[in-house]
Amino acid sequence: MSKFDRFGLGLAKGLALTGKTLLSRPNITVQYPEQRLDVSRRLRGPELVWVALKCTGCATCAKSCPQGSIELATSQELVDNKYEVVEFLVDHGRCMFCGLCVEACPFDALYMGRGYERAAYRRGDLVLPKEKLQMSADRQPSAYCRPEMEAELPLQTLLVYGQTRAKR
Amino acid sequence: MAIRTQPVSINIGPQHPSTHGVFRLRVTFDGEVIIGLEPIFGYLHRGKEKLAEARTYTQFIPITDRADYLASMSNNWGYCLAVERLAGIELPERAEYIRVLVGEMMRISNHLMAVGFFLNDCGAFFTPLLYMYREREKLLDLFDMLCGQRLNYNYMRIGGVSQDLPVEFLPALKKFVQEMPGYIDEYEQLLTTNEILLARSKGVGVLSPEQAVNASVSGPVLRACGVEWDIRRADPYSIYPQLEFDIPTGIQGDTYDRFYLRIQEMRQSVRILQQAITGIEQLPHGVYRAHVLSLVRPPKGEVYSRIESPKGELGYYIVSDGGVSPWRCRMRGPSQLNLTALRDMVLGWKLADLIIILGSIDIVMGEVDR
């Protein structure tokens, strides 16, 4: 059979490559959680960040949400010539982190989060009221759809540049 | 003359590692030879087409991501293109270039998965796949930089893309494009001349061009039969007419051709990426999205538009009644129609061949069931 004229040559060629890779030890695997890479500046991380001072309660975010996971209520009367946001509730169990609400917000009051590892034991713990959505040390906003913030955030680690080993 | 035995029916799936998702096959065997096959769809049905009717045109974009989750950028593109054609929206040139860049990156990333899992099905357990994951990881990093997520991008918008390229994107992509041909050589060195792979896949699962066209197969599976049909040439969209690339075709239409064709297509995608990078560098920074109202209301009418997704012809048929959401939105998923040709390919082959023939079609159940 002509197919098997030089049997073993293709096999040897493949094994030569695996041998070469074994000796060169490519710098790819990340030793998470001991080693953490810098995330993207535009990360659409779990949990939104809400800035109470900027929010006017216009509910554009709630209208733009494909899943209907944002619930918002304002006061009936004007307080200091503006409506007070009484309730701002995001169900992160329904949210798919598409970022359309952040893109729609006309006052830059809503940001995607930069955090991760936000698992919870109960579904109810994923529904966050406005007190829990505010910016804090472990709840930092990302620059998704906020290009003016991009330069301040650390650069993303890119595997194209093989940066995994240096950042241990 | 072979002795015929009593036919035996075996269920493969829906939970089986080789069915690439929740897919069930009811196979009838005569001894070890397949004499009948009935694919059963629907385990991953999420009613996407109905969901579109309850959402605005923009709100449906993140849901298209979830159809073919290994090539979600192409799904975004197909849907946005259909709505743009329906509403008559012209795109800025920069947006077209960005779309071609991410579309071809998506093709490479998808083919890396397809080839890797095909080799995995052939018995080369995870070693070649991990070589391909290495490059896919680099591409996912770049997508992450663009739009903040690694799998469900939701990057395209009606009239353009959601954000401009970051300044550090193009240098990184250039480095990737420079290195990629070397890596593709590595993949070829690994297994394309491997005797065991040739014995397993050469001449196995042959699909004739006539059968393929009759079953309305598209994409790499059709081109492997020797039919030169690529939507990027046959029904051009975006800036593809200005770009130079070849359409690789197979000879026999067997499993090996389908595998090797994807490697050749990756080389062509790298070629397109090189040209698109030089093109986009000459354009000024700035307009990446046409001025479109946030609540798009296309005029009354219907449109069918199609793009060449990594898996084949991805079409969207949208009927508008002039309102804010589609009256009807139909997806033509390439995986589903490619899967209908499975019976033609496997009859007369054995159980072990069924797994690699299924692997060579490159299906994603999210797109089959929608």
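Colleague: What radius of gyration does chain B have, and why does that agree with a compact globule?
Modeller: In this predicted model, chain B has a radius of gyration of 21 Å. That agrees with a compact globule because one with 370 residues would have a value near 21 Å.

Colleague: And what box do the C-alpha atoms of chain B fill?
Modeller: Along the principal axes, the box is roughly 70 × 45 × 35 Å.

Colleague: How many helices and strands are there in chain B?
Modeller: Chain B has 15 helices and eight strands.

Colleague: What percentage of its residues count as buried?
Modeller: Of the 370 residues in chain B, 63% count as buried. The accessible surface of the chain is about 13400 Å², and carbon and sulfur atoms make up 54% of that surface.

Colleague: Which residues have the most contacts inside the largest nonpolar core?
Modeller: They are B:Tyr155 and B:Met180, in a core of 117 residues. Helix 4 of chain B, residues 93-122, supplies the largest share of this core, with 13 residues.

Colleague: What is B:Tyr155 in contact with, leaving aside neighbours within four places in sequence?
Modeller: Its contacts include B:Met73, B:Ile98, B:Val102, B:Leu146 and B:Leu165. Also among them are B:Asn76, B:Ser162, B:Gln163 and B:Asp164.

Colleague: Which residues does the second, separate core include?
Modeller: That core has 20 residues, including A:Cys61, A:Ile70, A:Val85 and A:Ala109.

Colleague: Changing topic, how far apart are the mean positions of the positive and negative charges of chain B?
Modeller: They are 5 Å apart, with 39 positive and 43 negative charges counted.

Definitions and conventions: Residues numbered from 1 in each chain as written. Chains lettered and ligands numbered in written order. Predicted model: local features only at pLDDT ≥ 70, side-chain atom pairs only at ≥ 80, totals over all residues. Heavy atoms only, no water. Helix = DSSP H or I, 4+ residues; strand = E, 2+ residues; numbered from the N terminus. Rg over C-alpha atoms; globule rule 2.2 N^0.38 Å. Buried < 20%, exposed > 50% of the residue type's maximum accessible area, 1.4 Å probe, protein only. Areas by Shrake-Rupley, 256 points an atom, 1.4 Å probe, with all protein chains shown as cover. Lys, Arg positive; Asp, Glu negative; His and termini not counted. Charge placed at Lys NZ, Arg CZ, Asp CG, Glu CD. Core = buried A, V, L, I, M, F, W, Y, C linked by side-chain atoms within 4.5 Å. Contact = heavy atoms within 4.5 Å.
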